[in-house]
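Let's take a walk through a protein model together. Have the sequence and the 3D view ready, and follow along.

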Amino acid sequence: MRSTDITKVTSHISHNEALIFERSQTGRIGYRLPPLDVDETAIDEIVPKKFQRDDDLEGLPEVSEVDVIRHFTRMSTWNYSIDLGMYPLGSCTMKYNSRLNEKVARIPGFANLHPLADEKEAQGALQIIYELQHHLAEITGLPGVSLQPAAGAHGEMTGVMIIRAYIDARDGEGASANRRTMLIPDSAHGTNPASAHLSGFSVKTIRSTAEGLTDLAHLREICSHGDVAGLMLTNPNTLGLFERNIQEICQIVHDAGGLVYMDGANMNALVGVARPGDMGVDVIHLNLHKTFSTPHGGGGPGCGPCCSTAELEPFLPVPRIVKSESDVSPGGGATFRVDFNYPQSIGRVKAFFGNYGMMLRALAYIQTHGNDGLREATEAAVLNSRYIAHELASDYEKPFDAPSMHEVVFTDKRQSRKGVHTLDIAKRLIDYGFHPMTIYFPLIVQGAMLIEPTESVGHQELDQFVAAMRAIAREAVDDPELVLNAPHSTRIGRLDEAAAARKPVLRWKPKQAASAG
Amino acid sequence: MLHQIGLHSAEDLFASIPKELRLTRALDTPAALSEIELLAGFERMAANNAASQRASFLGAGAYSHYIPTIVDHIISRSEFFTAYTPYQPEISQGTLQVIFEFQTLVCQLTGMDVANASMYDGSTALAEAVLMAERVTKRSKVVACGAIHPEYLEVVNTYVQHAGIELQHVAFKPSSGQVPASIAHLDDKTAALVVQSPNFFGCIEDVAALAEQAHNAGALLIVAVTEAMSLGLLKSPGAAGADIVVAEGQSFGVPLSYGGPYVGLFATRDKYARQIPGRLVGEAYDKQGRRGFVLTLATREQHIRREKATSNICTNEGLIALAATVYMETMGRRGLRDVAIQCAQKASYTSRRIAEIEGFSLPFSAPTFNEFVVLGPGNAAELLSRLAAERDINGGLALSRYFPDRPNDFLVCVTEINSRAEIDALLDGLADIAHSSA
């Protein structure tokens, strides 16, 4: 297929749009409030003058409603999004976000519910938390669930703190002080070591083998030192490979007195097929905004539930949402309760109950798919990735032979001989109408391109993607300049990020102030 | 497709998972529901949330404000809500420019120089501020005022428990509800003084005086704001001398949604920009000199610095930051002040009138914004529960939830959405119920 046959994109109108502050005109407003309907007091009598602002909110925009609508609508057209097409960002699971889930989250009975409402008057809301906990326990095979963490990294921190609290309780403060090492494979997300550090652990890195799996010999050697609190493992790992020795890995860590935390970023490869709890994992976090399709929102909100073994359950964050033993208590007691009575808990990790709106959406996802649908989604996600792995193998270097799960990693090894690198390939892919894959991650693969198509892509678009990637591989040979200068179709070219970091401009300032300082 | 890649069945896709680890049964989760069934189920559960359906004077860190219709319209555009972190700036300029505007608005409102792209919420933003103060000052003691939202303090406790930070607490003055004028705990080991204003009881703190005390000890002043709407009227923490300002941005166009998702605001001084947690968006130019925006100063962040990063945060609250941006721009310079003044006026009216009811008084003398504590004639939890049952009003929060030694106190919040009729119904209800149980 010649590149001209790839007809996914055409050019269309793109408006320029200034910053809102540059659009502002004195006296414009875009809101209307009802008149004040209570007896008015001089404002200085309510709030003493010295506690009041004296800048008259200078610099804040003054715009009309239609100004605001056009402003954001124009800016929105500069974004690529899942709804526009395939968004194969590896490790991010950019799947379709159902509009039904959005509707559910906006039902007034949830949207208008205050988090400090009496639990008896929020039974529906608590039931949703309870049911989602129940389903996630079944999906992971780990019975203790807290939905409080707000994102993946937050769930990691929570999981690692649970390990720390468990070991402190098991060994006693004195002995556990000698067990402060967290093991993390060299292929892991950067959030893993950062989360371990927050929990007071020092990090030791476990090597990967040439096959792309955890090096068992290295793991055994480090575990023999006696200071290992745990292992943070992503499975399938960030190379898209299932750690087939997972049981042995867990055994080695357990024998050394440590616990196994699994980063659930890649659960989209496992739902309905295999369960971390059955593998020997002690605690996991999930990303509801990946596996369970809550929208990514341009960078959040997420929701990063923690699921643990029964043994670790007492250490989960408080409050927990529990169901009363007796279904209906005659004294008017609530069926679903907010329970603070977990003295061994690591504490609270977020105000209120977590990102509740995401829980509604995730529960709707689970109910819409049904148990068979959840497994089918996993199958489709893995099949799509495997298809790409197969179709691109003759054009791009695949650093590992093992069959990929839901995502596959390639490198720029062949193209780099012509001076075309991963970044260039990614930028050229934009011209073909696709969001690029994740690039330069995992760090252990030079020039990595991590491709995760998800289940939300059909055969036709997969073929378009493959054709685009093949076309770029050809261009890298025939016309490398074309690739090196990509993208050619966007409203803006490659931005000088180095200059932006050297002299950072992180906010707008009025002209005179900007030039003055 | 299976055959094209040389496989025979879906099961073959999972050959790399040891057989004994593969599920041989279906998940024990519900069978698939149609849209009709699913919506009916959620509507049934929503109907079980009686508290969502009545006039409410609950605040305490989550506030009911009017949300202009266009906020939800704009955040529902799929170009925003189905995009991810703007890793590829050429096709993410919409998200990036929004964040740049968000950072600017947060700086303007808080009176600070630099703000990040958002944190999970106010409570985690406060915890991150405490960790940042330790990094900046290399000191390990943090002094927190007792009238900070109790759930925020719990989160701070969790975050710092393994960070070698000692947390000390200063009791609030029972007469004013504020921090005492002189804080003995501050010394040359103190990394930061942490204060919330308006504080948990709604009392406005003298931030400028506290800044001076903190700075005299060489410590930073961290100011937490749980009611961001107060920034429309009150002196900005930056103008009062704060070094780090964190806030819960939920008041800016975000529904209550049973506690989340909300959005944490985080701002500081220029000199600490490289110590800030989370993402930052900055201005950048392409070869043709066209202005755009990129994620910047990434060397602070976990994907590069790993365990030495300023925070582990990756995903933040992008879409909620967008909602807050749309809100702040729609209300604008005039609207933010107008709403804040309506809140203050209505709360002032309500507190004055409650204090006139026999048996009720205002235990704290400090000025307030839109929340205030009421001391009732009997058990506040019982009073409020009768008010809900008999008058269909959520009258506020019984302080005994967090302060068991204050059984008769409750916290009342009044905003621009509480009409005169609702307020008067609250006043009548309080008077009648107190009278009937006396």
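Here is a short briefing, grouped by topic.

This is a predicted model, in which local features need pLDDT of at least 70, side-chain atom pairs count only at pLDDT 80 or more, and totals for chains, interfaces and linings use all residues. Residues are numbered from 1 along each chain as its sequence is written, while chains are lettered from A and ligands numbered from 1 in the order in which they are written.

**Chain B as a whole**

- Chain B has 11 helices and 14 strands; helices (H or I, at least four residues) and strands (E, at least two) are DSSP runs, numbered from the N terminus.
- The radius of gyration of chain B, taken over C-alpha atoms, is 25 Å, close to the 22 Å that the globule rule gives for 438 residues, so chain B is as compact as a globular protein of that length. That rule is 2.2 Å times the number of residues to the power 0.38.
- Picture a box of roughly 85 × 60 × 50 Å along the principal axes: the C-alpha atoms of chain B fill it.
- Of the 438 residues in chain B, 62% are buried (20 or more other C-beta atoms within 10 Å of the residue's own, with C-beta atoms placed from the backbone).

**Two helices that pack in chain B**

- Helix α10 (residues 380-391) of chain B packs against helix α11 (residues 420-437) of chain B at an angle of about 115 degrees, with the axes 10 Å apart. Axes here are lines fitted to C-alpha atoms over the stretch in contact, and angles run from 0 to 180 degrees between N-to-C directions.
- On the α10(B) side, the contact includes B:L383 and B:L387, and on the α11(B) side it includes B:L430 and B:I433. Two residues are in contact if their C-beta atoms, placed from the backbone, lie within 7 Å.
- The residues of this contact divide into 6 nonpolar, 1 polar and 3 charged (Ala, Val, Leu, Ile, Met, Phe, Trp, Tyr, Cys and Pro count as nonpolar, Asp, Glu, Lys and Arg as charged, and the others, Gly among them, as polar).

- Find B:A224 in strand β6 (residues 220-225) of chain B.
- B:A224 is buried, with 29 other C-beta atoms within 10 Å.
- Leaving aside neighbours within four places in sequence, B:A224 has contacts that include B:G122, B:Y152 and B:V246.
- B:G376 is 152 residues from B:A224 along the chain, and their C-alpha atoms are separated by 28 Å.

How values were computed
A residue is buried if 20 or more other C-beta atoms lie within 10 Å of its own, exposed if 12 or fewer, and partly exposed in between; C-beta atoms are placed from the backbone.
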